[in-house]
Amino acid sequence: MAGHSKWANIKHRKGAQDKKRAKQFTRAIKEISVAVKDGGGPDPEANPALRNAISNAKGVNMPKDTIERAIKKASGAEADNYELVTFEGYGPNGIAIFIECTTDNTNRTVASVRSIFSKNGGSLGTNGSLEFLFDRKGVFTIDRESIARNMEEFELELIEGGATTIEKEDDVIYVYTDFTDFGSMNAKLEELDIEPKNAELQRIPLNTVELPLEDAKKILQLIDKFEEDDDVQNVYHNMEMTDELMQELEKE
């Protein structure tokens, strides 16, 4: 798992949040809507999925009144009816790409995803064809400054909550859990009175493929095209995020 934080957080690279603020708000509102509908209603105290969605919305600096409006709308009679769908395919150079969508029109989403693949040298595969290449993990992003205790003691608390890996990077800590311990870690952080910047289930590649810099940049351009689609929530891939590639991204 070591070093995966730079892969897992590629979508949060420098400048990305400012450039894609509107899209991040759209994603957060959809997550809130799905959480209200499928997670147990509009009360965050009784709905862990909604608590998590609210935390993620705060992580992209969504205003409190916008969050409250999203919850109210999702619990009303005219709420949007979103469905979670996934797609799997290959980009150029055999890079595996796993896409998670939240949509109110599956036919539209299928057509859009297929078109992006075909126009950029890739191909849409059948569901389940790539799932074995990824391991589903809980990933929690925590600001170091929010930790008002001894770091060693804090790490022991995290391990007790189900942490399998803890990575420290500058002013941020990434905590990984198994899929089944995602809820346990949420509960542990609540117990410690720590609100993560972001908490989500991510698909971490079991093995990565290293590409020459120019080929790798083309894969990231393809991923950007997917992420520009309003129905797309998350895009995962198994391309190695080399130091050279990360340095290139820092220039953007």
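The face of helix 5 that is turned away from its buried side carries the exposed residues Lys 64, Arg 69 and Lys 72, where exposed means over 50% relative accessible area, buried under 20% and partly exposed in between, computed with a 1.4 Å probe on protein chains only. The model is predicted, so that local features need pLDDT of at least 70 and side-chain atom pairs count only at pLDDT 80 or more, while totals for chains, interfaces and linings use all residues. Residues are numbered from 1 along each chain as its sequence is written, and side-chain values use heavy atoms, with hydrogens and water left out.

**Helix 5 and its surroundings**

- Helix 5 spans residues 64-74, and its buried residues are Thr 66, Ile 67, Ala 70, Ile 71 and Ala 74; helices (H or I, at least four residues) and strands (E, at least two) are DSSP runs, numbered from the N terminus.
- Because the buried residues of helix 5 fall within an arc of 135° when seen down its axis, they line one face of the helix, the arc being that of the directions from the helix axis to the C-beta atoms.
- Among the elements that cover these buried residues are helix 3 (21-39) and helix 4 (48-59), with contact taken as heavy atoms within 4.5 Å.

**Salt bridges across the chain**

- A search of the whole structure finds 17 salt bridges, each defined as a side-chain nitrogen of Lys or Arg within 4 Å of a carboxyl oxygen of Asp or Glu.
- One of them joins the side chains of Lys 30 and Asp 231 at 3.6 Å, N to O, and this pair links distant parts of the chain, 201 residues apart, with Lys 30 in helix 3 and Asp 231 in the loop between helix 9 (213-228) and strand 8 (232-237).
- Lys 30 counts as buried at 6% relative accessibility, and Asp 231 likewise counts as buried at 6%.
- In the salt bridge between Lys 188 and Glu 157 the N to O distance is 3.0 Å; Lys 188 lies in helix 8 (residues 182-191) and Glu 157 in helix 7 (residues 151-160), so the pair ties together parts that are 31 residues apart in sequence.
- Lys 188 is buried at 6% relative accessibility, whereas Glu 157 is partly exposed at 23%.

- Salt bridges that share partners join Lys 30, Asp 104, Arg 108 and Asp 231 into one network.
- Within it, Arg 108 forms a salt bridge with Asp 104, the closest N and O atoms being 2.9 Å apart; Arg 108 is partly exposed at 38% relative accessible area, and Asp 104 is partly exposed at 46%.
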